Amino acid sequence: MSPAAINHIAVVVENLEAALRFWRDALDLPLARVEDNADEAVRIAFLPLGESEIELLEPSTPDSGIARYLAKRGPGMHHLCIEVTDLGAAMQRLVAHGAELINETPRIRPDGTRYAFIHPRSTGGVLLELYELSRQPGEQA
Ligand code: ZN
């Protein structure tokens, strides 16, 4: 039930192609894929790094949540995502410890991954995402 791994670190960028010139071309991380997430109105570049990934987030509409974040805070680290084996239990435990959840119930990605966000007010200023993978721990993604 304890967190198992860092799944990804997400960075908000103004322009994906410009950001890839650093993260892919200069730093030499592989670019696994680019995904259009219509629900969140964001384009996401996935760059695997060890067991984890760097995700670059570019808003795809001017009024999305990510676009508003970018306008207010500028580009930079957006959130940290940690894998847990039982998301419901982890959320219950956090609430019992007084943490503020952004999602009261788990949300589900198209690939079946259940996730929820924890408010930065509870974490020391970092937006925290919890993932419960549909695969079993130790199994390859
Ligand atoms: Zn994320």
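Asp111 is partly exposed, with a relative accessible area of 48%; here buried means under 20% relative accessible area, exposed over 50% and partly exposed in between, computed with a 1.4 Å probe on protein chains only. Its salt-bridge partner is Arg109, and the closest N and O atoms of the two are 3.9 Å apart. A salt bridge is counted when a side-chain nitrogen of Lys or Arg lies within 4 Å of a carboxyl oxygen of Asp or Glu. Arg109 itself counts as buried, at 13% relative accessibility.

The model described here is predicted, so local features need a pLDDT of at least 70 and side-chain atom pairs count only at pLDDT 80 or more, while totals for chains, interfaces and linings use all residues. Residues are numbered from 1 along each chain as its sequence is written, and side-chain values use heavy atoms, with hydrogens and water left out. The pLDDT is the predictor's confidence in each residue, on a scale from 0 to 100. The protein averages 92 on this scale, and 94% of the residues score at least 70. Helices (H or I, at least four residues) and strands (E, at least two) are DSSP runs, numbered from the N terminus.

Side chains of opposite charge can pair when their charged atoms come close. By the rule above, the count comes to 10 salt bridges. One of them joins Glu58 and Arg43, with 3.0 Å from N to O. Glu58 lies in strand 4 (residues 52-59) and Arg43 in strand 3 (residues 42-49), so this pair ties together parts that are 15 residues apart in sequence. Glu58 counts as buried at 10% relative accessibility, whereas Arg43 is partly exposed at 22%. Another salt bridge links Arg114 with Glu132, whose closest N and O atoms are 2.8 Å apart. Because Arg114 lies in strand 7 (residues 114-118) and Glu132 in strand 8 (residues 128-132), the pair ties together parts that are 18 residues apart in sequence. Arg114 is partly exposed, with a relative accessible area of 28%, and Glu132 is buried, with 15%. Salt bridges that share partners also join Arg33, Glu35, Glu53, Arg109 and Asp111 into one network.

The strands come together in an open sheet of eight, in the order 2-3-4-1-5-8-7-6 and with mixed pairing; two strands pair if DSSP finds at least two bridges between them. Strand 2 (33-37) and strand 6 stand at the edges with a single partner strand each, so one side of each is left without a neighbour in the sheet. Helix 2 (residues 65-73) packs on the sheet, where it touches strand 1, strand 3, strand 4 and strand 5, and its direction makes about 85 degrees with that of strand 4. For such angles, axes are lines fitted to C-alpha atoms, for helices over the stretch in contact, and the angles run from 0 to 180 degrees between N-to-C directions.

Strand 8 deserves a look of its own. Strand 7 and strand 8 run antiparallel and are joined by five bridges, whereas strand 5 and strand 8 run parallel and are joined by four. Within strand 8, Tyr131 is the bridge partner of Tyr115 and also of Glu83. Glu132, in turn, is the bridge partner of Arg114. Five of the five residues of strand 8 are buried, so the strand is largely enclosed by the rest of the structure. In a regular strand the side chains alternate between the two faces of the sheet. In strand 8, Leu128, Leu130 and Glu132 point one way and Glu129 and Tyr131 the other.

Glu129 also takes part in the zinc site. The protein donors of the zinc ion are His8 (NE2), His79 (NE2) and Glu129 (OE), at 1.9 to 2.0 Å from the ion. Donors are N, O and S atoms within 2.8 Å of the metal (3.2 Å for Na, K and Ca), and water is not among the atoms, so sites may look incomplete. In sequence, the donor residues are spaced H-x70-H-x49-E. His8 in strand 1 (residues 5-12) and His79 in strand 5 (residues 76-83) are 71 residues apart, a pair that links distant parts of the chain. Both His8 and His79 are buried.

Note on methods. Contact means heavy atoms within 4.5 Å.
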